[in-house]
Amino acid sequence: MKVLFQSRSNLYSAPGGDLVQMEKTKQFLEKEGVQVDISLEAEPNLEGYDLVHLFNLMEPQDIYLQMRNAKKQGKKVLLSTIYGLYTEFERKARGGLFQKVANILSPYQIGYVKTLVRHMAESRMHKGVYNMLFKGYYGMMKEIVDNTSVFLPNSHSEMKRVAKEFNLKHYNYFSVPNAIDKEVFVADENTASNKYQEFKDCIVCAARIEGRKSTLNLVRAVKDSPYKLVLVGKESANQKAYVDQVHAEAGDNVFFLGTMPHEELRELYKVAKVHALVSWMETPGLSSLEAGAMNCNIVVTKKGDTEDYFGDYAFYCEPDDVASIRDAIDRAFNAVVNPGLKEKILENYTWEKTAEATIRGYKLAMADN
């Protein structure tokens, strides 16, 4: 079986969780004998491919063209939706003029304006964006889902959200978990030579520093506290004022380590006590899974699909409520680590499981002729 992965055109210049999901899914599918290539082109030659697998419905201006190209060349389309609107963030916490504008627009009009402004600012206008001007943000997404043979969401609740918002009645899907690499994220009690020993028992947050991750409220939640907060991740280039505010309000107990490879992150998790991901939406957040597998207690947002994954094992908070974040951190820090979280992750949320569910989707799509 030969499959072409396709996604947004700036996947490598603006990496996110979707890139990790694509690359890891590719790696573990290939272990099962599936041949996988990645192309970010709008209209590649699909000769020799059995299926086209698209990622990230939130970027329809790119995958719309890829979907149309696949249909034109007679290929079935599968879609890893990675779908969750940030409407609440835009209306309550974005700040500035756009927050006021967002409160009079529909969720999809917000997406339309943001996509257009971002592409103009980055000089990345292309055929897909021009198509969006006429079809609209929702219209493009609707046409994509209507031409999808099999959906591959990260949870059942995500699929329900997609089905409801796009009025889908009859559809095929497999819930494909977000996952960890159990060869990398293996808990190890030996921390004697750990280079991050100075951060022992810290609160770590591995995520981009930006408004959607509510980094500023996380910094405020540990202000004047005995906790050490370690932030790992790229700072948003599009939210410079927000990032500057995070730095301005960060006390001496907040440390910025920038990006780091997974092997380094594993070493940091070994000495950390808690991982906190207090975003406005997560489906469910790869770093929470990785930290949980490394025996960290996890603080997570209630927004999105986190409860599908973590159930009673996480300490939940509201991203716009500093007191709620602080309370969840206090409870997580003082709680004994429940081994059930790690067991659940290793049993259900590994890339082997992801590959297994994805292959079921491929077989269904190929059988459905």
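Start by selecting Tyr83, Tyr108, Tyr138 and Phe166: these four form one aromatic cluster. Rings of Phe, Tyr and Trp (its six-membered ring) count as a pair if their centres lie within 6.5 Å; planes under 30 degrees apart are stacked, over 60 edge-to-face, and the rest tilted. By this rule there are 13 aromatic pairs.

A word on what you have open: this is a predicted model, in which local features need pLDDT of at least 70 and side-chain atom pairs count only at pLDDT 80 or more, while totals for chains, interfaces and linings use all residues. Residues are numbered from 1 along each chain as its sequence is written, and side-chain values use heavy atoms, with hydrogens and water left out.

**An aromatic pair**

Next, pick phenylalanine 151 and tyrosine 171. Their rings are edge-to-face, 6.3 Å centre to centre, with 90 degrees between the planes. This pair links distant parts of the chain, 20 residues apart: phenylalanine 151 sits in strand E5 (residues 150–151), and tyrosine 171 in the loop between helix H8 (156–165) and strand E6 (203–206). Helices (H or I, at least four residues) and strands (E, at least two) are DSSP runs, numbered from the N terminus.

Is phenylalanine 151 buried or exposed? It counts as buried because its relative accessibility is 1%; buried means under 20% relative accessible area, exposed over 50%, and partly exposed in between (1.4 Å probe, protein chains only). Tyrosine 171, at 30%, counts as partly exposed.

**Helix H8 and its end**

Now colour H8. Its buried residues are Glu158, Met159, Arg161, Val162 and Ala163. They pack against helix H7 (137–146) and E5, where a contact means heavy atoms within 4.5 Å. Just after H8, stop at asparagine 167, whose phi is positive at about 55 degrees.

**Helix H11**

Move on to helix H11 (residues 262–271). Here Leu265, Glu267, Leu268, Tyr269, Lys270 and Val271 are buried. Which elements do these buried residues pack against? Show E6, strand E7 (229–232), strand E8 (254–258), strand E9 (274–277) and helix H12 (286–293) to see them.

Between E9 and H12, zoom in on the loop that holds proline 284. A cis peptide bond joins threonine 283 to proline 284, with omega at about 10 degrees.

**Two loop residues with positive phi**

Serine 123 lies in the loop between helix H5 (107–121) and helix H6 (127–135). Its phi is near 55 degrees, a positive value in a residue other than glycine. With a relative accessible area of 67%, serine 123 is exposed.

Then go to aspartate 224, in the loop between helix H9 (215–221) and E7. Phi of aspartate 224 is also positive, near 55 degrees, and at a relative accessible area of 74% this residue is exposed.

**Across the chain**

Arginine 68 is partly exposed, at 43% relative accessibility.

**Zooming out**

Of the 369 residues, 55% count as buried. Among contacts with a separation of 6 or more, 72% come from residues 24 or more positions apart.
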